[in-house]
Amino acid sequence: MNDMNQPGSPPRRPPLRRARDGRLLAGVSAGLAHYLGVEVTLIRIAFAVTTVLGGAGVPVYLACLLLIPEEGSDVSLAADLLDSVQSR
């Protein structure tokens, strides 16, 4: 029996996707905020702080850009790139 459908169970999260609405650059922050159920400003601040304190924000953002599919798609940019390289 699936516990996710039981009364009193935690609500199901939406799939992790880069957002088309509310995006500033590539929709990574808006997509993560929607998935986590937090304000997009908190995610953007976290990326900015991690960029300033050690520089990890930029590579993490780029990794998310490559690995998280955009809304309306089930294929990430990295998977699409790998498929096109393998088809050559």
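Predicted model: local features only at pLDDT ≥ 70, side-chain atom pairs only at ≥ 80, totals over all residues.

Biologist: What makes Glu 70 and Arg 23 a salt bridge?

Modeller: The closest N and O atoms of the two are 2.9 Å apart. The cut-off is 4 Å between a side-chain nitrogen of Lys or Arg and a carboxyl oxygen of Asp or Glu, so the pair qualifies. Glu 70 sits in the loop between α3 and α4 and Arg 23 in the segment before α1, so the bridge ties together parts 47 residues apart in sequence. Arg 23 is partly exposed, at 29% relative accessible area.

Biologist: And how do you know that Glu 70 also forms a salt bridge with Arg 20?

Modeller: There the closest N and O atoms are 3.8 Å apart, which is still within 4 Å. Arg 20 lies in the segment before α1 and Glu 70 in the loop between α3 and α4, so this pair links parts 50 residues apart in sequence. With a relative accessible area of 48%, Arg 20 is partly exposed, as exposed would need over 50%. Taken together, Arg 20, Arg 23 and Glu 70 are linked in a network of salt bridges.

Biologist: How many salt bridges does a search of the whole structure find?

Modeller: Three. One of them joins the side chains of Asp 74 and Arg 17, at 2.9 Å from N to O. Asp 74 is in the loop between α3 and α4 and Arg 17 is in the segment before α1, so the two tie together parts 57 residues apart in sequence.

Biologist: Why is Asp 74 called exposed and Arg 17 partly exposed?

Modeller: Asp 74 has 68% relative accessibility, and over 50% counts as exposed. Arg 17 has 22%, which falls between the 20% and 50% limits.

Biologist: Then what makes Ser 76 buried?

Modeller: Its relative accessible area is 9%, and buried means under 20%. Ser 76 is found in the loop between α3 and α4. Its side chain reaches the backbone oxygen of Leu 66 at 3.4 Å. Leaving aside neighbours within four places in sequence, Ser 76 is in contact with Leu 66, Leu 67, Ile 68 and Pro 69.

Biologist: On to the helices. Why are α1 and α3 called roughly perpendicular?

Modeller: The axes of α1 (residues 28–36) and α3 cross at roughly 80° and come within 10 Å. Angles from 65 to 115 degrees count as roughly perpendicular, so that's the label for α1 and α3. Val 28, Ser 29 and Leu 32 of α1 make the contact with Tyr 61, Cys 64 and Leu 65 of α3. By class, that contact has five nonpolar, one polar and no charged residues.

Biologist: And what makes α2 oblique to α3?

Modeller: Helix α2 (residues 40–52) and helix α3 (residues 57–67) have axes that cross at roughly 130° and come within 7 Å. Roughly perpendicular stops at 115 degrees and roughly antiparallel needs over 145, so α2 is oblique to α3. Phe 47, Thr 50 and Thr 51 in α2 meet Gly 57, Val 58, Val 60 and Tyr 61 in α3. The contact of α2 with α3 has four nonpolar, three polar and no charged residues by class.

Note on methods: Residues numbered from 1 in each chain as written. Heavy atoms only, no water. Axes fitted to C-alpha atoms, helices over the stretch in contact; angles between N-to-C directions. Helix = DSSP H or I, 4+ residues; strand = E, 2+ residues; numbered from the N terminus. Parallel < 35°, antiparallel > 145°, perpendicular 65-115°, else oblique. Contact = heavy atoms within 4.5 Å. Nonpolar A, V, L, I, M, F, W, Y, C, P; charged D, E, K, R; others polar. Buried < 20%, exposed > 50% of the residue type's maximum accessible area, 1.4 Å probe, protein only. Polar contact = N/O pair within 3.5 Å; in protein donor to acceptor, adjacent residues only side chain to side chain.
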